[in-house]
Amino acid sequence: MHARILKISAGLGLLVGIIISTLTTLADWKLNPSGLFHNEHGTHWTVVAETALSWLLPVSLVTCLTTAIILYSVDKIKSR
């Protein structure tokens with residue numbers, strides 16, 4: 001059961017992280033504060049990647065840990 005909980009937590013963490021980081025990065029690219037993300041010469045991909053990773057890593061980690069805690073708690077309650 002523990003392996004299954006870890007797989008679910010990791011998968012959900014990654015999925016939520018990808019969705020949130022994609023949406024926030026697209027919103028920032030479209031808003032383009034101070035021409036940071038793109039200008040007349042094109043897109044600044046390093047800034048786009050930096051923004052995406054700055055959202056992906058913490059959101060994935062927090063979602064994975066939260067999901068694992070919840071699933072372990074539910075499993076413990078059910079096993080009583």
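Though Ser34 is not a glycine, its phi is positive, at about 60°. The residue counts as exposed, with 82% relative accessibility; here exposed means over 50% relative accessible area, buried means under 20%, and partly exposed lies in between, using a 1.4 Å probe and protein chains only. Helices (H or I, at least four residues) and strands (E, at least two) are DSSP runs, numbered from the N terminus.

Before going on, a word about what you are looking at. This is a predicted model, in which local features need pLDDT of at least 70 and side-chain atom pairs count only at pLDDT 80 or more, while totals for chains, interfaces and linings use all residues. Residues are numbered from 1 along each chain as its sequence is written, and side-chain values use heavy atoms, with hydrogens and water left out.

Stay in that loop for a moment and look at Asn32, which lies between helix H1 (2-31) and strand E1 (38-39). Asn32 is not a glycine either, yet has a positive phi of about 50°. Is Asn32 buried or exposed? Its relative accessible area is 15%, so Asn32 counts as buried.

Now step back to the whole chain. Two helices and two strands make it up, and read from the N terminus their order is α-β-β-α. The radius of gyration is 17 Å, well over the 12 Å that the globule rule gives for 80 residues, so the chain is more spread out than a compact globule. That radius is taken over C-alpha atoms, and the globule rule is 2.2 Å times the number of residues to the power 0.38. Along the principal axes, the C-alpha atoms fill a box of roughly 65 × 15 × 15 Å.

How much of the chain is buried? Of its 80 residues, 22% count as such. The chain exposes about 5900 Å², and carbon and sulfur atoms supply 73% of that area, as computed by the Shrake-Rupley method with a 1.4 Å probe. Among contacts (heavy atoms within 4.5 Å) between residues at least 6 apart in sequence, 66% join residues at least 24 apart.

H2 has 34 residues and reaches 48 Å from its first C-alpha to its last, close to the 50 Å expected at 1.5 Å a residue; the expected span is 1.5 Å times one less than the number of residues. Several H2 residues are buried, including Val47, Thr51, Leu56, Val59 and Thr67. What covers the buried residues of H2 includes H1 and strand E2 (42-43).

With a relative accessible area of 0%, Ser9 is buried. Which residues does Ser9 contact, leaving aside neighbours within four places in sequence? They are Cys64, Thr67, Ala68 and Leu71.

Further along H2 you will find Asp75. Asp75 is partly exposed, at 24% relative accessible area. Not counting residues up to four places away in sequence, Asp75 touches Met1 and Ile5. Asp75 and Ile5 are 70 residues apart in sequence, but 9.3 Å apart in space, C-alpha to C-alpha.
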